[in-house]
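Have a look at the picture, then read on.

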Amino acid sequence: MGKRSLIDRLAILADAAKYDASCASSGSAKRNSLSTNGIGSTEGMGICHAYAPDGRCISLLKILMTNFCIYDCKYCISRVSSNVERARFSVDEIVQLTLDFYKRNYIEGLFLSSGIIRSSNYTMEQMVEVARKLRVEHQFGGYIHLKSIPEADPALIEQAGLHADRLSINIELPREASLKSYAPEKSGAVIRSAMANVRNGIESRQTDRKERGKARPPRFIPGGQSTQMIVGADTSSDKDIITTSATLYSGYKLRRVYYSAFSPIQDSSGDLPLIKPPLMREHRLYQADWLMRFYGFEKDEIFEARGDGMLDLDLDPKLAWALERRERFPVDVNRASREELLRVPGFGAKSVAKILAARRHTRLRLSHIARIVRSLKICRDFIEAADWHPARTLDLAGLREKFVPQPQQLQLQLL
Amino acid sequence: MQQVVLSSETDFDGWRDAARRLAGQGVPPAHVHWTCEGGNADLFAAGGEVQPAQLKGDMQIRVPKEFVDMARRVVCHRDPARFAWLYQLLFDLQQNRAALTDPLNDAARWVKGADKQIRRDVHKMHAFVRFRKVGERDGREVFMSWFEPDNRIVGLTGPFFMRRFTGMDWTILTPDACASWDGKTLSFAEGADRSQMPDEDAIEDQWRTYYASIFNPARLKVSAMLSEMPAKYWKNLPEAELIPDLIKQSTQRTGELLSAPASAANIRASRMSNFFAEDEAAEINSLEDARRSASRCDRCPIHECASQTIFGEGPEAARLMIIGEQPGDREDIAGKPFVGPAGQLFDKALGEANINRRKAYVTNAVKHFKFTPRGKRRMHQKPNAGEIDTCRFWLDLERKFIAPDIIVAMGTTALRGVFGKAVALKELRGALTELDNGTRLIATVHPSYLLRLPDRQRAEEEYARFVDDLFRARSLLPQDAA
């Protein structure tokens, strides 16, 4: 069998990467090409250059270096036992593709991941070499995200961190037991200690910077580290998932935990559920994650009233929480603290900032709030304004039904 | 009525000069008509046309910097009323410094709304410009693009493309204006039409292949895509022609995946399975064996959250063994015992007691970090009796292979780790306890206890006692053993 053309291999190795949810290209250090006369910049905020019909943005060239793999992770299309077509890019091919796409403004940078071939170290070395060539030989200033191989030598992760904007190490499944049965060659302990190693790399340079004054050490993944968890392949509950996230956020200073609804793969092994990806569950998990990171919620609060440890699929987790904790409402928009306002369903962090700014001028009425928030429908029953009080609605037994989407709409779609 | 004629549709400087002077004279917004050269003059303007430079007036106009930045963008808006709204807001700002954040100010709302549209337009241009390569010139690649922004934003976006594509020559054509970069200068020219754009680029097939392959049909969400990439942009995106078919085929493709029978494992798999067979049940005959085996320890639930097993550290021939409670946040990350705040206090005390840490074997009763996550931090949690007793398996092995003369047990957890039952620190403190195997034990407090004492004088006294305990251990060892 002759070697496949570049374009055929691109099809195989992009297809193999389509299950990975993470694609962010933001949060890195600012950088441009004016001084290097090269190509590429990052300006803090990433740019989504295209959107696939699945609604997900394409900001990075997300490919696998190879989909050959010696591991047998059941949820993965590239696992050794799968009969999927295999292909491999050379280091130079990946470099060329990245530059070609970047120069046409198709992408913001590269997100490189790989099946494990020969050994973890060999695979990681090749990935680091791609990043090094781009940065050093081609003066590439775009975003580089490398999916690190947790089993690789820490010295390689260290080198990767010098060239990459972000490193990620996938935790894959929320519980150790699931990992044991679905990814026999992977170990939660190895994954966590690799994350610890990355945190160590970031922090050791932060202290260096203070001590050395102006002489800056080389940057080490200015975009931080992230991870991904697959949702719905095993029987873990939402609470298990969010608990694992809380553990990871607190331990490894992760920028993001990505939740990836398990999506059926070609050539499935038979051990996995054949389901449509649980997209709503994935969405609710992102909302719960958001509550922890930006709204001051502790993970246990989110699940207080959820006996089965699953988030409400009909309601967003903040609204579900507020309906259970009605004694904390209504919140007076003219007097409440930032923390209290952040807990009002329908108020985002931006709305809260606007409310705080606006009330310096005037006593806010409901019409003012209407201009600030996207819709009054959700928040009006939980707030008090100069000319508004929700009266007894908070005591209504059927308040929840007011917010639950009407089932008829779904039936119509099925017709 | 004053009629001000600006030199172009995006003449920010002209607008600023005129607005400054008019506001300085207190001319109310209703008395000013803004127009551009070649634009429609107001037939009813009474005051005649003036160029900005002809206006007299006090220049002492103060505005927040945020307003200036916003105005610079908003003049690029296509709405003919933009200059008037900006002047209205400038005028309002002279009466009320906080007009920008006043939710009741109409001009502020209009300008902010227009600014939002401009910024979105700029953002979309950053994202959706697609270059095609047209050739090479003096060793530099030359690229060209055609784009149709909603507003007159080429001047706003040029610098971004210059910073990003410094190493190549490029031109972006739009109906209003064109921007070009040749490696030295960013220049702007009159608008162009689409016919100047080359038809294709060899790389576009690769890009379409990528676009089609990275799409996961099982996750189809057309409305989410359309909200971010409205169809009005599609005509200039080479990948967009694939979208209708990708959508059409996705239901069928997903259905095929869901109904496909499980297939037999690839033969490669059986070859690999031997590769990973590990000698899990290896016997533990040395400290190294114990260390390796402990790194995979899952005897109690703490291991599920901790990063790694923190085994003891120090020479196998150490005569002094020091036992603490459990690793903390720093230790868990660094992979070594006693490197956090308590570890630093511990090091200081060892120095004062004349003990060389590198000659001692330093370990913990429990080898994994137990904590509860609280926001961005991990709060240390005391290991319970069951966990300490489970972890004795490792501590016993360490004691067996090190066989120290003296053990310093710091805190009650360490004592439980040694004795296998609850022992009050008070009862052993100050005495020299002889263990069954002849090893002598000194009980003292844990250094983190010293860090928690709020009363400064008390803390100093307790620290001195702690150093005394270490010093006593030191005095029991031969000269060169510590």
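How many residues does the contact take from chain A and from chain B? The contact takes 92 residues from chain A and 88 residues from chain B. Keep in mind as you read that this is a predicted model.

**Where the chains meet**

On the chain A side, Y51(A), P53(A) and R104(A) stand out: they supply 10% of the area that chain A buries against chain B, more than any other three residues.

You'll find N266(B) in the loop between α8 (243-259) and α9 (267-275) of chain B. Setting aside its neighbours within four places in sequence, N266(B) is in contact with V80(A), S81(A), S82(A) and N83(A). N266(B) is also buried, at a relative accessible area of 14%.

**Space inside**

If you roll a probe the size of a water molecule over the atoms, you see where empty space is left. In this model, that search turns up four cavities of 30 Å³ or more. The largest cavity holds about 680 Å³ of space. It is lined by 38 residues, and the closest to its centre are Y75(A), C76(A), S113(A), N170(A) and E172(A). As for the elements that give two or more residues to this lining, they are β3 (60-64), β7 (225-231) and β8 (256-261) of chain A. Sorted by class, the lining has 18 nonpolar, 10 polar and 10 charged residues.

**Cysteines**

A disulfide is a covalent bond between the sulfur atoms of two cysteines. How many disulfides does the structure hold over all chains? The count is zero. Two cysteines, one from each chain, are set out below.

| Cysteine | Closest cysteine sulfur | Sulfur distance |
|---|---|---|
| C73(A) | C76(A) | 6.2 Å |
| C391(B) | C297(B) | 6.1 Å |

C73(A) is in no disulfide either.

How values were computed:
Residues numbered from 1 in each chain as written. Chains lettered and ligands numbered in written order. Predicted model: local features only at pLDDT ≥ 70, side-chain atom pairs only at ≥ 80, totals over all residues. Heavy atoms only, no water. Disulfide = S-S within 2.5 Å. 1 Å grid on protein atoms, 1.4 Å probe; cavity = no way out; pocket = protein on both sides within 12 Å on 5 of 7 lines; lining within 4 Å. Points joined across faces, edges and corners; volume = space filled by probe spheres on them. Helix = DSSP H or I, 4+ residues; strand = E, 2+ residues; numbered from the N terminus. Nonpolar A, V, L, I, M, F, W, Y, C, P; charged D, E, K, R; others polar. Buried < 20%, exposed > 50% of the residue type's maximum accessible area, 1.4 Å probe, protein only. Contact = heavy atoms within 4.5 Å. Buried area = accessible area lost by both parts, 1.4 Å probe.
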